[in-house]
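I am opening a notebook on this structure. I will write down each thing as I look it up.

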Amino acid sequence: MKQKSIIFLLVVTLVSLTAIFGCKKTENPTPERPHTDTTPTDTITPEEPPADNIYQFKVLDGQGDSVSLSQYKDKVLLVVNTATRCGYTPQYTDLQRIYDAYKDRGFEILDFPCNQFGAQAPGSYDDIHNFCTGNYGITFPQFAKINVNGSNASPLYVWLKSKKPGDIQWNFTKFLVNRNGEVINRFEPNNPMSAVESAVKKAL
């Protein structure tokens, strides 16, 4: 009986000591180390810098192949969104005339059909291209159909509009690009084609 009492006292003493030291430890906890981000800075992909000229863009040709606009370096460019059933469609006549007059001096017209305005550019690329060559004899480059406004707008047109601000209002809006790939002028569809030609001559 006496032996049991001694064992009981030892157990009580051990429990008491554990409780005492345990409380002291929680009263003064070791402060947590501040969290630090260990991700190496050189693994963070920076945002792509904004384009400073048109040559950084790629577009699709009529066959769906990617075309770099860098192939037009050192040329004066007229970028135009077009449609085949628009009141301004006859401007193709003047566009081809201007192209014929200045292409040998380093001038190009980049034609981007767009169906966003009154659905006036229906059909496939072949339908559009055959119409333009058959009715207006165009020989300048014509690319795949694109959007020029909205969330699905071509990155090229997002950039063009950032240089000469404002959404595209209708078919046959034109951007003039100098030999350094910089946008230098914008013409609305109702601007006289004579004004467009004068600006092209000046840029050349």
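**Entry 1: burial, with a first residue.** I need one cut-off before I start: a residue counts as buried when its relative accessible area is under 20%. I looked up Tyr99 and found 7% relative accessibility, so Tyr99 counts as buried. I note here that the model is predicted.

**Entry 2: confidence.** I checked the pLDDT next. The mean for the protein chain is 83, and 75% of the residues reach 70 or more. Residues 6-49 stand out to me: their pLDDT is below 50. Beyond near neighbours in sequence, I find 0 contacts for this stretch in the model. Where pLDDT is low, predicted coordinates should not be read in detail. I leave that stretch alone.

**Entry 3: the chain as a whole.** I counted 5 helices and 6 strands in the protein chain. Along the sequence I read the pattern α-β-β-β-α-β-α-α-β-β-α. The protein chain has 204 residues, and 38% of them count as buried. I also looked at contacts with a separation of 6 or more. Residues 24 or more positions apart account for 66% of these.

**Entry 4: the sheet.** In what order do the strands of the open sheet lie? I read β4-β3-β5-β6, 4 strands with mixed pairing. The edge strands are β4 and β6 (183-187), and each of them pairs on one side only. On average, neighbouring strands are turned by 20° against each other, direction ignored.

I then took the pairings one by one. Strand β3 (residues 76-82) runs parallel to β4, with 7 bridges between them. Val79 has Leu110 in β4 as its bridge partner. Helix α2 packs on this sheet and touches β3, β4 and β5 (174-177). The direction of α2 makes about 150° with that of β4.

Leu176 stands opposite Asn185 in β6. The hairpin of β5 and β6 has 5 residues between the strands, and Gly181 there takes a positive phi near 80°.

**Entry 5: aromatic pairs.** I searched the whole structure and got 10 aromatic pairs. I wrote up two.

How are the rings of Tyr99 and Phe140 arranged? Their centres are 5.7 Å apart and their planes stand at 80°. Planes over 60 degrees apart count as edge-to-face, so this pair is edge-to-face. Tyr99 lies in helix α2 (residues 91-102), while Phe140 sits in the loop between α3 (125-136) and α4 (155-163). The pair therefore ties together parts that are 41 residues apart in sequence. Phe140 has 2% relative accessibility, so I mark Phe140 as buried.

The ring centres are 4.8 Å apart and the planes are at 15°, so the pair is stacked. Phe112 is in strand β4 (residues 107-113), and Phe143 is in the loop between α3 and α4. These two are 31 residues apart, and the pair links distant parts of the chain. Phe112 is buried at 1% relative accessibility. Phe143 is buried too, at 4%.

I also found one aromatic cluster. It is formed by Tyr92, Tyr99, Phe131, Tyr136, Phe140 and Phe172.

**Entry 6: a glutamine in α2.** Is Gln96 buried or exposed? Its relative accessible area is 7%, so Gln96 is buried. Gln96 has its place in helix α2. I set aside neighbours within four places in sequence and listed its contacts: Tyr136, Gly137, Ile138, Thr139 and Phe140. Gln96 and Tyr136 are 40 residues apart along the chain, yet their C-alpha atoms are separated by 7.7 Å.

**Entry 7: nonpolar cores.** In soluble globular proteins, nonpolar side chains tend to be buried together. I went looking for such groups. The largest nonpolar core has 25 residues. Which of them touch the most other members? They are Ile54, Val79, Phe112, Leu156 and Tyr157. The elements giving two or more residues to this core are β3, β4, α4 and β5. Its largest share, 4 residues, comes from α4.

I followed Leu156 further. Leaving aside neighbours within four places in sequence, Leu156 is in contact with Ile54, Phe57, Val59, Leu69 and Phe112.

Last, I found a second, separate core of 21 residues. Ile98, Tyr102, Phe172 and Leu176 are among them.

Methods
Residues are numbered from 1 along each chain as its sequence is written. Side-chain values use heavy atoms; hydrogens and water are left out. Rings of Phe, Tyr and Trp (its six-membered ring) pair if their centres lie within 6.5 Å; planes under 30 degrees apart count as stacked, over 60 as edge-to-face and the rest as tilted. Buried means under 20% relative accessible area, exposed over 50%, partly exposed in between (1.4 Å probe, protein chains only). pLDDT is the predictor's confidence in each residue, from 0 to 100. Contact means heavy atoms within 4.5 Å. Two strands pair if DSSP finds at least two bridges between them. Axes are lines fitted to C-alpha atoms, for helices over the stretch in contact, and angles run from 0 to 180 degrees between N-to-C directions. A nonpolar core is a set of buried Ala, Val, Leu, Ile, Met, Phe, Trp, Tyr and Cys residues joined through side-chain atoms within 4.5 Å.
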